[in-house]
Amino acid sequence: MAWKHLSMTEFSQWVAQHQVNFNKALISQIHQAIPKHQNQLHDAIIYVSTKTGKVIRPLLCFATAAVFNAPSIIVQPLAIGLELIHTYSLIHDDLPAMDNDALRRGHPTCHIKYDEATAILVGDALQSMAFQVIGECNLPDAIKVKAIIILAKAAGVAGMAGGQMLDMKATNQSQALSTLAELDHLHSLKTGAIIEAGILMSALACPNYETAFEPTLKEFAQ
């Protein structure tokens with residue numbers, strides 16, 4: 001089935017099937033990565049990981065693979081790592097010190113279900129696990145190193161974490177945004193950097209990828 005010729009019905013089916021397959025793979029990967037003994041941290045990791053959303057970021061990874069005529073399984077570890085980073089960020093964003101949310105995806109947030117300390121540790125554990133999953137996957141070492149660097153930059157001070165700080169400052173009016181360009185910059189860091197990372201990582205893993213495609217991929221991602 002040619003990717004560029006998908007009907008809306010076929011695309012909807014593609015999305016639904018990839019969501020199901022990805023969520024199964026995600027839970028399987030988490031069970032492999034965490035210790036077998038049961039404790040509150042273990043339970044909380046499983047709790048947040050089963051409260052899945054639309055998994056838009058992993059879907060973009062799979063769509064990127066499809067563009068390069070590569071099977072989804074090639075980029076699956078990258079998609080899992082990306083989603084683990086995203087999930088960790090949501091857990092920390094929900095904390096009282098940040099957004100102070102009681103619900104996430106229709107369920108009690110991690111710190112409400114358990115406690116703040118557990119929520120912090122769950123976020124820390126998921127962040128570490130993201131890089132573990134990529135580092136242990138079957139991709140060539142050079143690709144894994146590049147992917148880890150891309151994801152680390154996107155999640156850090158020059159990406160998601162930096163964007164969250166700008167958002168907090170603006171929300172508290174200590175550094176209010178005054179222009180559309182400033183708002184665009186905030187979202188390009190807080191949300192856009194991780195989306196771009198998923199697309200670029202996935203492209204790197206595809207056999208048909210060439211570096212000449214990078215500017216177009218960045219433009220699309222942004």
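**Core and aromatic pairs**

Colleague: Which residues have the most contacts inside the largest nonpolar core?

Modeller: In this predicted model, the largest nonpolar core has 59 residues, and I30, L84, I85, V122, L126 and I194 have the most contacts inside it.

Colleague: Which helices supply at least two residues of this core?

Modeller: Those helices are α1, α2 (40-50), α3, α4, α6 (116-136), α7 (141-155), α9 and α10.

Colleague: What does V122 touch, not counting residues up to four places away in sequence?

Modeller: With those left out, V122 is in contact with L41, A44, I45, V48, I91 and C110.

Colleague: Turning to the rings, how many aromatic pairs are there?

Modeller: The count is 6 aromatic pairs. One of them joins F22 and F62 edge-to-face, at 6.1 Å centre to centre with 65 degrees between the planes.

Colleague: Where do F22 and F62 lie?

Modeller: F22 is in helix α1 (residues 8-33) and F62 is in helix α3 (residues 56-67), so this pair ties together parts that are 40 residues apart in sequence.

Colleague: Are F22 and F62 buried or exposed?

Modeller: Both F22 and F62 are buried.

Colleague: And what about F68 and Y209?

Modeller: Their ring centres are 5.8 Å apart and the planes stand at 75 degrees, so F68 and Y209 are an edge-to-face pair. F68 lies in the loop between α3 and α4 (72-93), and Y209 in the loop between α9 (180-205) and α10 (214-221), so the pair ties together parts that are 141 residues apart in sequence. F68 and Y209 are both buried.

Colleague: Which residues form one aromatic cluster?

Modeller: That cluster consists of F68, Y209 and F213.

Definitions and conventions: Residues numbered from 1 in each chain as written. Predicted model: local features only at pLDDT ≥ 70, side-chain atom pairs only at ≥ 80, totals over all residues. Heavy atoms only, no water. Phe/Tyr/Trp six-rings, centres within 6.5 Å; stacked < 30°, edge-to-face > 60°. Helix = DSSP H or I, 4+ residues; strand = E, 2+ residues; numbered from the N terminus. Buried < 20%, exposed > 50% of the residue type's maximum accessible area, 1.4 Å probe, protein only. Core = buried A, V, L, I, M, F, W, Y, C linked by side-chain atoms within 4.5 Å. Contact = heavy atoms within 4.5 Å.
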